[in-house]
Every structure is written in structure tokens, then in C-alpha cells.
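Here's a quick tour of one model, going from a single residue out to helices, charged pairs and a sheet. Have a look at the structure first, then read on.

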Amino acid sequence: MSIQNAHGQVFKPTKNRLRAAGSRDCIRSGVNRKWVVAIASVLVAGAGLGFAAQSERRELPRPSAVMPALAGEFVVELQRAVHPSEYEWLSRALGARVIDRVRDNMVVVVDGRELALERLRENRWVKMAEPNFTYKALALPNDPELKQLWGLRNTGAADSSGQAGLAGLDISAERAWDIETGSDRVVVAVIDTGVDFNHPDLKPQAWVNLAEKNGRTGVDDDGNGYIDDVHGFNFANNKGDATDDNGHGSHCAGTIGAKGNDGRGLVGVAWNVKMMAVKFLDKNGSGSLANAIKSIDYARINGAHIMSNSWGGGGRSELLLKAIQDANDAGILFVAAAGNDGLDNDVIPSYPANYEVPSVVSVAALDNRGQVAGFSNVGVKTVHVAAPGVNIVSTVPGGKYDSYSGTSMATPHVSGIAALMLSRDPNLKFSDIKSRLISSSRPLFMLKSKVMSGGIADAYYALTGLTPPADPNDPSKLPNSKPLKISTDHPYAAKAKLEQTVVVNGAKKVAIKFGKFETEAAYDTVSFYDAKGTFVGAMSGKQPDGMTSPLIEGDRVTIRFVADETVQAYGFDIEAVLYE
Ligand code: CA
């Protein structure tokens, strides 16, 4: 069985299972590792990476079991609004105990019996019922040593994994700041694990609910239904204090809007912005459907312009979709992480990034050479933009800084750019922001078949509306070509290995052009190294005929193909070396 998408990439079921683990667990991407994703208990597909997968150094996360939920809990939409004083009666009518309110017409119930969901759905008081899905923060911890904000300014220096950057491969933050550094009028809701507003870089950026700040403790001073919600609300622990007990939310907040130009710490994409801490992910980075809905509703009702959502992993929820649709109807941009499963969202949807709501902007993660991170989900139809998301340094609680990777880290870069755009022009509609984020992305050859924008999100071009330049590193633009015949066996053998160095005397740049190319996606990989032995990029999966390697600086390239023991495909035929 295989599944093929519109770009000719083939997705095959894989053989060995790995069980999903906690959000912070990850596996090293050994070539023999396989993973599977189960949807509604049917085994659907395996790794769907095509071009530019991952080097040996990258980490591939374990995939989420697609529909994790709190055992015995359900979110129930009722036929009409119900006051809390009616919950006792309602519990009897539903045959399930009401334990929480989500909306006026939505509650959480506990029912541990078999077929509880079916029973609820058949109840005359119920419009819709779903498991209380759980979501998780989409980040992987990594080496905290390096204090370089390559996403904002890429000098070409190595990141914390030792991978040399591509100078200028960033969101053009410095050029953007000449035009706009942000405005206190713009409110970004960080829907996450909370935000540590005691961090010196974040303290001045807190959204403040003045009535609560100046009000009395334990009283809902502004009458919005939430007590002591001074800087947001904590739905994970049901209290006003939304301080971060995990680190993930503060890290995201720092990328969006750590205070700039204050002579200390680091800066966010927007130097001036107000961030609302809406916490529904707990100290372990996980949270429920019910609390996700409450968070989106809270941010909508209390004046957020942009919602930054670096979480996912739950199943498709019609109830969550409604909350996002309501935020859409209120004109609020919903920026969402594409997911960390290394899959194609066009084939296997990832939520909330894949909800078909106009305000949703789905974000993939790039490394410091402009390649899609091995863990990042892609999808030319469903993932709108790409942004820096590998070895990103930002703020964490306790006044500290740390380096994380994930589509979680790419998302706040885009939320920050949107905040700059809205600061510049408060009349922009979310649809304008979204379409401009896509059209103003700087084209990168490697992203053409990966994300809708075909490039890296760019703050400068987003603000100016100018047309971004073509990719200067597009290998297909190299002027010269020499025939070169290197092929694998067809199909290649189990554990096949092939290594060859190609030299073009006097060349400044080279690239390898393939005829046919088809290997097992993500596992049987061709990697490219420059003269110094630095990893430059990788290819795997099924590629269109005539596909080229990334551009390699210098007169030589080492091509290294390694296959694992399972799934032998056609292999490849090299046709030519391109050079300048
Ligand atoms: Ca209040």
C-alpha cells in the first residue's frame, strides 16, 4: 500500500512501531528508526519527508498518538445555554457528572462507562460530544550553550549543534526594525504554558488588565467572569496567575516580543507589543480540549489581535474548530505550529494547524541553512509559511535563556512579524496579514515543494509589501553543466552504501542534478557535504525528475547515500554536475 500526494511523494506504511511518549521525549534519527501514526486505530502512513530531510545530527520526535484524551472525560455541547445552578439536574439528564463549564452551552462531564461517547451523542440534550482531547507543547529541549539569535540575524556562525549557518538566512528583522519596532496597542495572546512576566526581558511586555491590577484580590473587578486575571488567565490551574511553570510559553513569548533596545538580554521580533498569558498547558506541557476552548474564548473576549499557538497533538475536534471560527469571526489571526511529526499535513492533518478556518496560519520550522527541520511537518497546500525553528534561543523562567527546537519556536517568529505589521497599519485585516505573510516570504529553492509560501517568512518584505528577491542559492540557476553518471542498483540493496566525491576544478559553486530519484522517505537518505566536510543538505523520498541537490560552495561535493534494512526503492541516477 502507498499513498501519493499531489507532488508525487509516496507515503508508505512502515513496519516497526514506536509508542508515543511525553512531549519532551525524542529520539535520535538513526536511519533504522521508524514510526507510525495511528488515526482512529487504523494504521495509515509512515514517514512522509521528501527533499531536505535531516542530517544524522537532527532529532526526530516520537509522533503523538493522534487522539490522546483525558480518560473518561468528555466535552459536551448542549442544545441550549445552561446556568451552573442547573448542573445537578443536567448531570442526571446526561447520566454523566458535570465537572466543569467551558461555555454557556458547553460543559465537561465524567463518564467512565463503555460506549460513554455514543451514549452522550444520543442524549436529547446533547448537540455534540467529543473526548476531552489533550494537546501538548511542540518543542524539544536542546543545547543551551549558544546565545545566537540566528532567526533574527544569521551571520553564518554555527548553531548549537555545530551546523554552520547561511549568512542572511533569517527573517530580515534588522531591516524590518528600521521601519517598525512594534506598538503597545497590539495584543498577542500566548496560548501556552503561561509567561514569566518577572523575566526582565518580558516584564515590560505584559498585557495588563487595569481594573484587575488596581482592584481587589479575589474579586472579578472588571466583571469579565475571571478573578484576578491581571496579565491573562491560568486555565490549567483555574486561577488568575498565569505564570509559566514549564518554560515553553516564556520561550515563545520571548521570540514574539522580548523587550528591545533596553541594553540587556535579547530581543523579540517585535520590541514593543503587549502579550497576554493564556495558560492551558500545565507544567508538563499538556492541556485539555476544554481548556483550549476556554483559552481561545478568553483571548477573543479580552481583546487579543493575534493568537500564537505552539501546541497540538489532539485529534480533530469540531468543538475546538468552533472556538477558532469564533475568533476568526472576531477578526483575530490564529498562528499555529504545523506539528513536529516530520509528516506531510496535506496527507495526514495536524490540528489545530489544519483547521480550514481562514484566520489560521500554519507554520513549519527551518534550520539555519533554510532547510525544513527533520521534525517539522510540511504541506504545500496546508502549511502556509516557514520560519526559524531549530536551536532558537529565547527567554525562560528565572531570568534565564535557553535554546529550544520545534515548530513551536517557528510559530512565534510569525506571530511577531504579524504584530509588526499590525503595529505599522492597525487597519490591516487578518486576511491581509495572512496573504502578505505568504506572498512576502523570501523564496528558497529547498522549500518550493514543502510549504505554500515556498520560502522563509520575512519581516521586511511583509512590512514593505515589496517583492522579495529570488533565491540566490537556487542550484537550478547555475550556468554550466557537465555530464556525470553515478547510479545505485535498481532497486538498491538493503543497507546499501555509496560515497563519492565530485570535483569540478576551478568551480565556485556546484550542485548535483538527478535524473530519477526514489528512496524510502526519511530513512534512505542522500546527504551532501562540502570541501570541509560540512553537512549541507539531504534528499530522500520520491523526487521529480531533474531534481537538484542544494547548492554547495566550492569546487567539490561529497555525496553519501545510506539505506537501512527495510523498503528498497528504485534508488537514483545522477545525470550531471552543475557549476559556476
Ligand atoms: Ca476579571
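Apart from neighbours within four places in sequence, A419 is in contact (heavy atoms within 4.5 Å) with V186, V188, A270, V273 and I306. A419 belongs to helix 8, residues 407-424; helices here are DSSP runs of H or I with at least four residues, strands are E runs of at least two, and both are numbered from the N terminus. With 0% relative accessibility, A419 counts as buried, on a scale where buried means under 20% relative accessible area, exposed over 50% and partly exposed in between, using a 1.4 Å probe on protein chains only. Take V186 from that set of contacts: A419 and V186 sit 233 residues apart in sequence, yet their C-alpha atoms are 6.4 Å apart.

Before going further, keep in mind that this is a predicted model, where local features need pLDDT of at least 70, side-chain atom pairs count only at pLDDT 80 or more, and totals for chains, interfaces and linings use all residues. Residues are numbered from 1 along each chain as its sequence is written, and side-chain values use heavy atoms, with hydrogens and water left out.

Now for a helix pair. Two packed helices are described by the angle and the distance between their axes. How do helix 6 and helix 7 cross? Their axes come within 9 Å, at roughly 10 degrees; the axes are lines fitted to C-alpha atoms over the stretch in contact, and angles run from 0 to 180 degrees between N-to-C directions. On the helix 6 side the contact uses L289, A292, I293, I296, D297 and R300, and on the helix 7 side L319, L320, A323, I324, D326 and A327. By type, that contact has 9 nonpolar residues, no polar ones and 3 charged; Ala, Val, Leu, Ile, Met, Phe, Trp, Tyr, Cys and Pro count as nonpolar, Asp, Glu, Lys and Arg as charged, and the others, Gly among them, as polar.

On to the charged pairs. The count comes to 17 salt bridges, each being a side-chain nitrogen of Lys or Arg within 4 Å of a carboxyl oxygen of Asp or Glu. Among them are these:

| Salt bridge | N to O distance |
|---|---|
| K322 and E77 | 2.8 Å |
| D104 and R101 | 2.8 Å |
| E499 and R560 | 2.9 Å |

E499 is in strand 26 and R560 in strand 32, so this pair ties together parts 61 residues apart in sequence. R560 is partly exposed at 28%. Shared partners also join R103, D297, R300 and D326 into one salt-bridge network.

Which order do its strands take? The open sheet of 4 strands runs 26-32-28-29 with antiparallel pairing, where two strands pair if DSSP finds at least two bridges between them. Strand 26 (497-503) and strand 29 (535-539) are at the edges with a single partner strand each, so one side of each has no neighbour in the sheet. The twist averages 20 degrees from one strand to the next. Strand 28 (residues 525-529) and strand 32 (residues 556-562) run antiparallel and are joined by 5 bridges; Y529 has T558 in strand 32 as its bridge partner.
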